[in-house]
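Trainee: Could you walk me through reading a few features of a protein model? I would like the general idea, then the case at hand.

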Amino acid sequence: MTTPLRNLKWAVMRGLLGTVGRASRGIRIGYRYGFDSGTMLDYVYVNRAHGVLGFGRLVDRVYLDAVGWRAIRSRRELLQDVLREQIGRRAGREVTVLDVAAGPGRYLQDIAAEYGPRRVRVLCRDLAEAGLRQGERLARTRGITNISYETGDALDPKAPDAGAPDVIVVSGLYELLLDDDAIRASIERLRGLLAPGGTLVFTTQTRHPQLDFIANVLPNRDGQLWVMKCRDVGETEGWARAAGFGEVASRREEVGLFTVTVCGAG
C-alpha cells in the first residue's frame, strides 16, 4: 500500500543514493548505464571497491556486498560450471556458445580463455553497444581470440552466420521481463536455433529480499525504476518442457536467489 510516509522514505533514499552515493564508482556506473545493465554486471563481477577517497570506497564495498550482487557472483560461478560440463560432454570437437544478452561477457571470456580456440567459440550478443564495445576491448587486452561480439535482440534472435550453436545461454534476462508470455516465446524461439542435441541454459530469480527497495530507488538502463519479477523455477522448467526440451533440470546458486536451468534438446 502506498502512503505519504512510505513515499517520503523512498524519496529520501533516492536523494541520498543520487548525491552522497555517487562517491561509489559502482553507484555512478548504475546511474550512467542502469543498475540492470551489462556494464554494471561486469563491475559487480570484478568485485573491487573504488570510489572518492576512503569514504567512496567504503560505500562501494557495502554496495558490492549487497545480497543481490553476491548472488549474481555466485550465479556466475554456477554458470561457468554448467558450461564446463556442456563442453566436456562434447569432447573431441569445437563447441559453439551463444549468449543472447551477454553485455561485456567477462565470465564467457574466462571460459573462452580456459579452453582456447580449438575447443570453444563464443558469440556475445546484446542491444547495449557500450557493453559490447567494453567486452571487445577487454578481450583484446586479454588476448582472447575465440570470442566475438555483435548487436542482437535476445527476444528476436537470428541464427548465427557460423551455424547453429551447441549451447545458448540466457543469463539475467528473464528476471527483467514482467510478461510471462515473452519468456515462453523466447524459450520456443531459442529451441529452434539450437544445433541437434543442443542445450539451452537460462537463469531464474526465485526470490530477492530487496525487491521493494530496487523497484522504488534504482533506475534501469531505460532510466525507469527497475522492477523485477520472481518466479517459481518449476514454472519456468514447465515452459521449457512445453517448448520441446526433453531433459530439464535446475540447480540453485549458493546464496539462494537464482537457479540455473539446463534444457537438453535431445
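Predicted model: local features only at pLDDT ≥ 70, side-chain atom pairs only at ≥ 80, totals over all residues.

Trainee: Which residues line the largest cavity?

Mentor: Its lining is made of Y174, E175, I183, T203, T204, Q205, K229, R231 and T236. Sorted by class, that gives two nonpolar, four polar and three charged residues. Strand β5 (residues 199-205) contributes the most, with three residues.

Trainee: Now helix packing. At what angle do the axes of α5 and α6 cross?

Mentor: Two packed helices are described by the angle between their axes and the distance between the axes. For α5 (residues 67-89) and α6 (residues 106-115), the axes come within 10 Å and cross at roughly 35 degrees. The crossing is right-handed. On the α5 side, R76, L79, Q80, L83, R84 and I87 make the contact, meeting Y107, L108, D110, I111, E114 and Y115 of α6. By class, this contact has seven nonpolar, one polar and four charged residues.

Trainee: And how many salt bridges are found in the whole structure?

Mentor: The search finds 19. One of them joins the side chains of D36 and R221, at 3.5 Å from N to O.

Trainee: Which parts does that pair tie together?

Mentor: D36 sits in the loop between α2 (25-33) and α3 (38-46), and R221 in the loop between α9 (211-217) and α10 (233-242), so the pair links parts 185 residues apart in sequence.

Technical notes. Residues numbered from 1 in each chain as written. Heavy atoms only, no water. 1 Å grid on protein atoms, 1.4 Å probe; cavity = no way out; pocket = protein on both sides within 12 Å on 5 of 7 lines; lining within 4 Å. Helix = DSSP H or I, 4+ residues; strand = E, 2+ residues; numbered from the N terminus. Nonpolar A, V, L, I, M, F, W, Y, C, P; charged D, E, K, R; others polar. Axes fitted to C-alpha atoms, helices over the stretch in contact; angles between N-to-C directions. Left-handed = near helix turned anticlockwise from the far one by under 90°. Contact = heavy atoms within 4.5 Å. Salt bridge = Lys/Arg side-chain N within 4 Å of Asp/Glu carboxyl O.
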